[in-house]
Amino acid sequence: MGSGLSKESMSVEQLQVYLEDLKSRDVCVTVIVSACHYEKYAVTETHNEIVPRTEADGDTFGHKIVPVSRRRMKQRKVETYRQEHILPLQLSSDLTGPVLLPLLTKEHPILNVKMNLDVFPLDGRSSEILDQFKMRLADQFQNRDKIIETEIQYSVGGHKTLTAGKRLKLHVYNPEFEDEANSGSCCFGPSEKTIKISIIKKFTAAPLHYAVNQVVPITPSSYAPPPQFYPPPPASYPAPPASYPAPYQGGPSIQELSAYTLFPSGHAPPPQPPYNAAPEAPYNVGPTSHFPPPQAPYNAGPTAPAPAYPGYY
């Protein structure tokens with residue numbers, strides 16, 4: 001290609017596919033732990049100085065250049081350990097809106113894209129988990145060296161080129177105007193259009209459990225079942241008996257009980273009156289029977305003697 005495009009340039013269709021892939025991927029939160037110390041070292045610097053020229057008799061005339069060496073002490077940073085640790089996430093969501101690309105023409109065949117990544121925790125709990133995760137890592141590797149440094153890096157899974165805090169520049173062209181995009185010299189290239197795109201991601205950190213310097217995310221499947229206090233089942237149940245005992249044979253049989261009656265043999269039970277028949281008169285009602293005299297109330301006066309009933313002497 002010419003001076004207008006480079007090997008990293010992409011077409012408009014490739015840019016649209018790249019943006020859709022960025023939106024569909026989850027955010028990656030990485031904590032970088034490094035151990036370092038500072039050490040001093042000596043540097044010898046040599047430079048020329050102009051000094052006056054002197055003769056043997058002490059007269060001075062003219063000047064001469066003399067190399068002069070000086071030793072200086074400097075300090076540099078020496079990194080002895082570096083490791084990346086990924087924070088387990090529970091949820092990652094994309095909040096990037098629709099991206100409208102300008103139309104590329106023959107006069108403006110190149111689109112200069114400036115892309116950046118913005119990542120935020122979704123709630124305060126996620127921020128606390130991230131800070132705790134970073135502090136635990138710093139405490140875990142505190143004996144690596146004199147100084148322990150931690151750095152949080154936000155990126156998109158599968159894309160190492162786009163990270164938060166760093167701007168990514170892309171050159172996009174339209175294949176219909178590829179010749180116009182490659183035209184021009186090193187100083188005067190084709191006219192370009194510029195657009196800024198922000199990829200916005202938010203995340204929710206998973207609750208963490210720390211065990212022996214290991215981070216384990218707490219999920220429903222990681223919970224241990226509650227202890228069971230029931231007695232353990234027997235290893236084997238007793239076998240059933242080979243045969244059951246015979247039924248009880250004593251006493252009268254069913255046929256004998258059915259033939260047994262409360263009445264003597266050859267006599268039928270007395271006839272029963274119908275349930276709605278009138279009651280029979282007492283058997284002792286007659287001319288010789290009498291009823292007791294009626295009783296007077298308790299507050300009545302003296303009563304006359306009761307008359308004699310017939311047949312009562």
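The conversation below takes some terms in turn and sets values against definitions.

Student: What kind of model is this, and how are the residues numbered?
Tutor: This is a predicted model, in which local features need pLDDT of at least 70 and side-chain atom pairs count only at pLDDT 80 or more, while totals for chains, interfaces and linings use all residues. Residues are numbered from 1 along each chain as its sequence is written, and side-chain values use heavy atoms, with hydrogens and water left out.

Student: What is the mean pLDDT of the protein, and which elements have the lowest and the highest values?
Tutor: The pLDDT is the predictor's confidence in each residue, from 0 to 100. On that scale the protein has a mean of 77, and 61% of its residues reach 70 or more. Among the elements, the lowest mean, 60, belongs to helix H4 (residues 254–259), and the highest, 94, to strand S6 (residues 147–156).

Student: How many helices and strands are there, and what makes a stretch count as one?
Tutor: Helices (H or I, at least four residues) and strands (E, at least two) are DSSP runs, numbered from the N terminus. By that rule the protein has 4 helices and 11 strands.

Student: Why is asparagine 174 called buried?
Tutor: Buried means under 20% relative accessible area, exposed means over 50%, and partly exposed is in between, with a 1.4 Å probe and protein chains only. Asparagine 174 has 15% relative accessibility, so this residue counts as buried. Its place is the loop between strand S8 (168–173) and helix H3 (178–182). If contact means heavy atoms within 4.5 Å, then asparagine 174 touches Val12, Leu104 and Pro109, not counting residues up to four places away in sequence. Across the whole protein, buried residues make up 22% of the 313 residues.

Student: And what is glutamate 192 called, buried or partly exposed?
Tutor: With a relative accessible area of 37%, glutamate 192 falls in the middle class, and therefore it is partly exposed. Glutamate 192 lies in strand S9, and, leaving aside neighbours within four places in sequence, it is in contact with His108, Ile110, Asn112 and His171. Histidine 108 is 84 residues away from glutamate 192 in sequence, yet the two are 5.4 Å apart in space, C-alpha to C-alpha.

Student: How do you know that aspartate 94 and lysine 201 form a salt bridge?
Tutor: A salt bridge is a side-chain nitrogen of Lys or Arg within 4 Å of a carboxyl oxygen of Asp or Glu. The side chains of aspartate 94 and lysine 201 meet at 3.1 Å, N to O, and the pair is a salt bridge. Aspartate 94 lies in strand S4 (residues 89–94) and lysine 201 in strand S9 (residues 192–205), so this pair ties together parts that are 107 residues apart in sequence. Aspartate 94 is partly exposed at 24%, whereas lysine 201, at 0%, counts as buried.

Student: How many salt bridges does the structure hold?
Tutor: The structure holds 8 salt bridges. Among them, arginine 25 and aspartate 21 meet at 2.9 Å, N to O. Arginine 25 has a relative accessible area of 35% and is therefore partly exposed, and aspartate 21, at 25%, counts as partly exposed too.

Student: What makes S1 and S8 a pair, and in which sense do they run?
Tutor: Two strands pair if DSSP finds at least two bridges between them. S1 and S8 have 2 bridges and pair in the parallel sense. S5 and S8 are joined by 6 bridges and run antiparallel; valine 113, for instance, has leucine 170 in S8 as its bridge partner.

Student: What is the order of strands in the open sheet, and which are called edge strands?
Tutor: The open sheet has 5 strands in the order S1-S8-S5-S9-S4, with mixed pairing. Strand S1 (10–11) and S4 are the edge strands, as each pairs on one side only. Helix H2 (residues 124–140) packs on the sheet and touches strand S5 (110–121) and S9, and its direction makes about 85° with that of S9. For that angle, axes are lines fitted to C-alpha atoms, for helices over the stretch in contact, and angles run from 0 to 180 degrees between N-to-C directions.
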